[in-house]
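Biologist: Could you take me through one part of this model up close? I'd like to know what sits around it.

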Amino acid sequence: MNKSIDIISIGEVLIDFIGHEINTSINRTKDYHRFLGGSPTNVAVNATRLGLKSVLVASCGQDGLGDYVIRKLKANNVVTTQIGKSETAPTSVIFVSKSTETPDFIPFREADCEIVETQLPDDIIAAAKIFHTTCFALSKNPARTTILNRAKKAKELGLKLSIDINFSERIWPNREEAKLILKEYLSNDPLVKISEDDCYRLFAEVKSEDYIFDYFHNLGASTICLTKGKKGVVLSDVTKGLFFQKAIPLEDIKDTTGAGDAFWTGFLYAQLHDNDLNSSITIAQKLAAIKLQNVGRLPDNIDIEKLIK
């Protein structure tokens with residue numbers, strides 16, 4: 001059939017209140033600016049910036065912030081028909097410190113996990129090419145059960161699956177449960193993105209690259225992308241081997257929030273366009289570099305053709 005959707009992104013939609021002063025603790029931050037946030041939300045928005053068609057499956061509250069979410073998504077050409085509005089829970093909010101390193105955050109989770117199966121019918125899955133989610137989204141029910149069930153369906157229908165293992169013990173205090181749920185999702189052979197920080201939080205200690213790659217390959221993932229901030233990116237693929245690329249050197253980092261999501265959108269874009277793994281990493285890094293130099297979202301006028309060349 002004709003695939004009319006490039007990416008289904010399922011998971012958390014949030015309001016990020018990002019501190020106005022750079023490298024200031026949340027304790028000391030006086031002013032916050034409001035941004036549409038949530039990792040799968042960022043991927044859906046970034047994808048439309050690159051000319052892809054993306055559908056976001058998520059839930060917000062029946063409130064002013066929920067209205068803001070829908071308005072912003074529509075302004076960014078994301079398909080909003082599959083977004084649920086909770087009658088009882090308010091829109092989820094996260095306060096984030098603006099940082100050139102890994103930002104600090106305080107989550108107030110409410111409606112984001114209220115994702116139910118009726119929000120993602122078979123015909124919408126069948127019309128898509130990629131099914132993407134996050135560890136954050138899998139941390140709570142009913143979203144967890146919905147995503148695991150719909151992921152199986154996506155696999156049956158021949159979609160490529162994807163996950164950002166953005167693990168945080170603040171979001172998911174039970175590490176062993178997280179590992180079991182990840183095992184279930186990874187049995188679908190998704191493309192995996194994980195950062196060094198995520199690994200440290202998931203395993204509660206520093207692990208070698210070999211350990212990390214073996215661990216996730218053994219759970220069923222063929223392609224694992226490990227992002228290491230200023231130390232670049234290492235990708236391990238079961239058939240094609242190891243790839244390493246240095247980070248793009250940047251003078252002026254304005255905001256790291258969402259850089260990983262920009263990276264991963266670039267990678268998925270490249271994979272959709274049949275780029276090899278090396279050039280997929282390059283395109284991903286270029287997109288992340290643009291994000292690091294912009295506060296909030298990616299700018300409007302990205303010339304993706306130029307980036308690829």
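Modeller: Ile8 touches Val55, Val57, Leu120, Ile124, Ile125, Ala128, Ile130, Phe131 and His132, leaving aside residues up to four places away in sequence; contact here means heavy atoms within 4.5 Å. Ile8 belongs to strand 1 (residues 5–10), where strands (E, at least two residues) and helices (H or I, at least four) are DSSP runs numbered from the N terminus. With a relative accessibility of 0%, Ile8 counts as buried; buried means under 20% relative accessible area, exposed over 50%, and partly exposed in between, using a 1.4 Å probe and protein chains only.

A word on the ground rules: this is a predicted model, so local features need pLDDT of at least 70 and side-chain atom pairs count only at pLDDT 80 or more, while totals for chains, interfaces and linings use all residues. Residues are numbered from 1 along each chain as its sequence is written, and side-chain values use heavy atoms, with hydrogens and water left out.

Now hop over to Thr146, which is 138 residues from Ile8 in sequence and 14 Å from Ile8 in space, C-alpha to C-alpha. Thr146 is in helix 5 (residues 143–156), and Thr146 is buried too, at a relative accessible area of 3%. Again not counting residues up to four places away in sequence, Thr146 touches Ile10, Ile115, Val116 and Glu117.
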